[in-house]
Amino acid sequence: QVQLVESGGGLVQAGGSLRLSCAASGSGFSINAMGWYRQAPGKQRELVAVITSGGSTNYADSVKGRFAISRDNARSTVYLQMNTLKPEDTAVYYCNADFIRWGRRSDAWGRGTQVTVSS
């Protein structure tokens, strides 16, 4: 199976920055898109940003201009640089990977990393 491990969350003051990382491990897989989602207490999980294997990106309107997603295909790792953080960015951030393994398409989720932005 493909496993995703996130890192880089924490507590930061409003206006600050954090960088999240997510590394995929396993065997026999080829990753298509990778993305970051977040879920705040009492809210549904929402897409934050996604990047394809070719480098095309898409962002939620609420983070455009502040967040940047990137990936290192050689390391099967995706990053999320978060700048000018706001209290409303507080959530658990989850990494997702859409992949093909042994000819079958599937996806995987990380366990999440907490991001807390204080005002």
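This is a predicted model: local features need pLDDT of at least 70, side-chain atom pairs count only at pLDDT 80 or more; totals for chains, interfaces and linings use all residues.
Residues are numbered from 1 along each chain as its sequence is written, and side-chain values use heavy atoms, with hydrogens and water left out.

**The disulfide**

Let's start with the sulfurs. The structure holds one disulfide, a term that here means a pair of cysteine sulfur atoms within 2.5 Å. Cysteine 22 and cysteine 95 are the partners, with an S to S distance of 2.1 Å. The link ties together distant parts of the chain: cysteine 22 sits in strand β3 (residues 18-25) and cysteine 95 in strand β9 (residues 91-101), 73 residues apart. Strands (E, at least two residues) are DSSP runs, numbered from the N terminus. The torsion about the S-S bond is about -80°, so the disulfide is left-handed. Cysteine 22 is buried, at a relative accessible area of 0%, and cysteine 95 is buried at 0% too. For these labels, buried means under 20% relative accessible area, exposed means over 50%, and partly exposed is in between (1.4 Å probe, protein chains only).

**The open sheet**

β3 also belongs to an open sheet of four strands, in the order β1-β3-β8-β7, with antiparallel pairing. Its edge strands are β1 (3-7) and β7 (67-72), each of which pairs on one side only. Neighbouring strands here are turned by 15° against each other on average, direction ignored; the axes are lines fitted to C-alpha atoms, and angles run from 0 to 180 degrees between N-to-C directions. Two strands count as paired if DSSP finds at least two bridges between them. In general, strands of a sheet pair through backbone hydrogen bonds, either parallel or antiparallel.

| Strands | Sense | Bridges | Facing residues |
|---|---|---|---|
| β1 and β3 | antiparallel | five | valine 5 and alanine 23 |
| β7 and β8 | antiparallel | six | alanine 68 and glutamine 81 |
| β2 and β11 | parallel | four | glutamine 13 and serine 118 |
| β9 and β11 | antiparallel | three | valine 92 and glutamine 114 |

β7 and β8 make a hairpin with four residues between them, and serine 76 in the turn has a positive phi of about 50°.

Over in strand β10 (residues 104-109) you'll find aspartate 107, which is partly exposed at a relative accessible area of 39%. Aspartate 107 is 105 residues from valine 2 in sequence, yet their C-alpha atoms are 8.3 Å apart in space.

**The largest pocket**

The largest pocket holds about 190 Å³ of space. A pocket is an open set of points on a 1 Å grid over the protein atoms alone where a 1.4 Å probe fits, with protein on both sides within 12 Å along at least five of seven lines; lining residues have an atom within 4 Å of a point. The volume is the space filled by probe spheres set on the points. Of the 13 lining residues, Arg38, Ala40, Lys43, Glu46 and Glu88 are the closest to the centre. The lining splits into two nonpolar, four polar and seven charged residues, where Asp, Glu, Lys and Arg count as charged, Ala, Val, Leu, Ile, Met, Phe, Trp, Tyr, Cys and Pro as nonpolar, and the others, Gly among them, as polar.
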